[in-house]
Amino acid sequence: MTKVALRGDLLDFIAEPAWGDTGAQEARYRADHWLLIEGGRITGAQPGAQDPGEGWQREDHRGRLILPGFIDTHVHSPQIEVLASYGTELLDWLDTYTFPAERAHADLGVAAAGAERFVRALLAHGTTSAVVFPTVHKSSVDALFTAASARGMRMIAGKVLMDRHAPDGLRDDVDQAERDCIDLIGRWHGQGRNAYAVTVRFAPTSTPAQLAMAGALCKADASLYMQTHVAENRAEVQWVAALFPEARSYLDVYASAGLLHPRSVLAHGIWLDADDRAELRERGAQVAFCPSSNLFLGSGLFDWVAHAQAGAALSVASDVGGGTSLSMLRTLADGYKVQAMAGHRLTAWSALYAATRGAARALHLDTEIGSLEPGRLADVCLWDRAVGEVAERRLAVARDLHEAVFAWMLLGDERNLVASWVAGVEQFRRSAKTETTR
Ligand SMILES: [Zn+2]
């Protein structure tokens, strides 16, 4: 059995930190420790002065941070090609940039190359697990799961369902979509670390019949995930109200179709009300807060505090390509700024918890990922605390742990990432060339 010991400063969470508590005891920081990994799983940790002994492959990274790999709960694999597209809000952005890019993924070669590029990019940004929208094409799902499986990654994805209000080449129909879903579920759900998500793009692009079919799939197998978008943009909310006049709210469209359950991941949730939040809590569904995307597309400011006070589950996500970076550090930094606009201060602990153990818990995967507890698969990332003279100086004068970690979170990005391991196997290492140009 392979035995790997990584030496550095270990940071993870033993439970959810309270909002605003910079001294939260739930943040577990173990300065200068060995993280012990045997056969791909974390088996323990011990002080750096205590050598693991014979038979261990040792890597000494004293002074660097070791965290669980980040979990990005909402990201679109084909949208790397539309990152940073100028000048539109959600509905125009979809028509102008995103739908044309996604149509190209009908081609098997484009889908395979795109999936490889996407998975490599996640690992090069410190993200080891993700909940992903590929495209409407079955082949795009095969390509993504194939690329993730080659690296042993935890991947949750499914064929995008769209049977109306989408251009030619991106529409399915209820019967064909159902056959495709059943086939993909049979081949990928529960295979290795792959899980299938019934993937409704959003209410406007599915007929009531398709939503009902998606709900029936969920009802037939409670282990399936469900992912979609909800209440992202005001024009979108008005459109949904016109399309579904009988629904109490946008969220109610999904609830009525049987799509809200403990494995549902709903991106955005900006324009929800108190009744919606209570419904999310009752059904155990989570919202994926996508601050970078919400700022870039001008969608609105998500109210984390109201959401948390309602007791609803929450994770944080890049939403690339609406978001402008796959980096969860940049995403969390944007999250801090969005909350600050509402007069709330997001601690590094609440932010990092949401991107690791909190996301794992919301996905019911916290016995597998999200922390450095013994028994978890060793999905871990190694980070430089500072890159460049400015960040180095800022970190050098930090007076306490929260200040140092907060500055790392705000100033850091993928350039701080040294290496990523998935189930104990190295899957990314910053090249020596990159190191010397720094
Ligand atoms: Zn999205």
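Which residue forms a salt bridge with arginine 330? What we have here is a predicted model, so local features need pLDDT of at least 70 and side-chain atom pairs count only at pLDDT 80 or more, while totals for chains, interfaces and linings use all residues. Residues are numbered from 1 along each chain as its sequence is written, and side-chain values use heavy atoms, with hydrogens and water left out.

Okay, back to arginine 330. Its partner is aspartate 413, with the closest N and O atoms 3.2 Å apart. By salt bridge I mean a side-chain nitrogen of Lys or Arg within 4 Å of a carboxyl oxygen of Asp or Glu. Arginine 330 sits in helix α11 and aspartate 413 in the loop between α15 and β15, so this pair ties together parts that are 83 residues apart in sequence. Helices (H or I, at least four residues) and strands (E, at least two) are DSSP runs, numbered from the N terminus. Aspartate 413 is buried, at 4% relative accessible area, whereas arginine 330 comes out at 33% and counts as partly exposed. The cut-offs there: buried is under 20% relative accessible area, exposed is over 50%, and partly exposed is in between, with a 1.4 Å probe and protein chains only.

The whole structure has 35 salt bridges. One of them joins glutamate 102 and arginine 201, at 2.7 Å from N to O. Those two are 99 residues apart, with glutamate 102 in helix α1 and arginine 201 in the loop between β9 and α5. Both glutamate 102 and arginine 201 are buried. There's also a network of salt bridges linking Asp12, Arg28, Arg30, Arg357 and Glu373.

Now, the metal. What coordinates the zinc ion? His74, His76 and His229, each through NE2, plus Asp319 through OD, at 2.1 to 2.3 Å. Donors here are N, O and S atoms within 2.8 Å of the metal (3.2 Å for Na, K and Ca), and water is not among the atoms, so sites may look incomplete. Histidine 76 is in strand β5 and histidine 229 in strand β10, so that pair ties together parts 153 residues apart in sequence. Histidine 76 and histidine 229 are both buried.

Last stop, the sheet. Seven strands make an open, mixed sheet, in the order β3-β2-β1-β4-β14-β15-β16; strands pair if DSSP finds at least two bridges between them. At the edges are β3 and β16, each pairing on one side only. Strands β15 and β16 run antiparallel over four bridges, and they form a hairpin with two residues between them.
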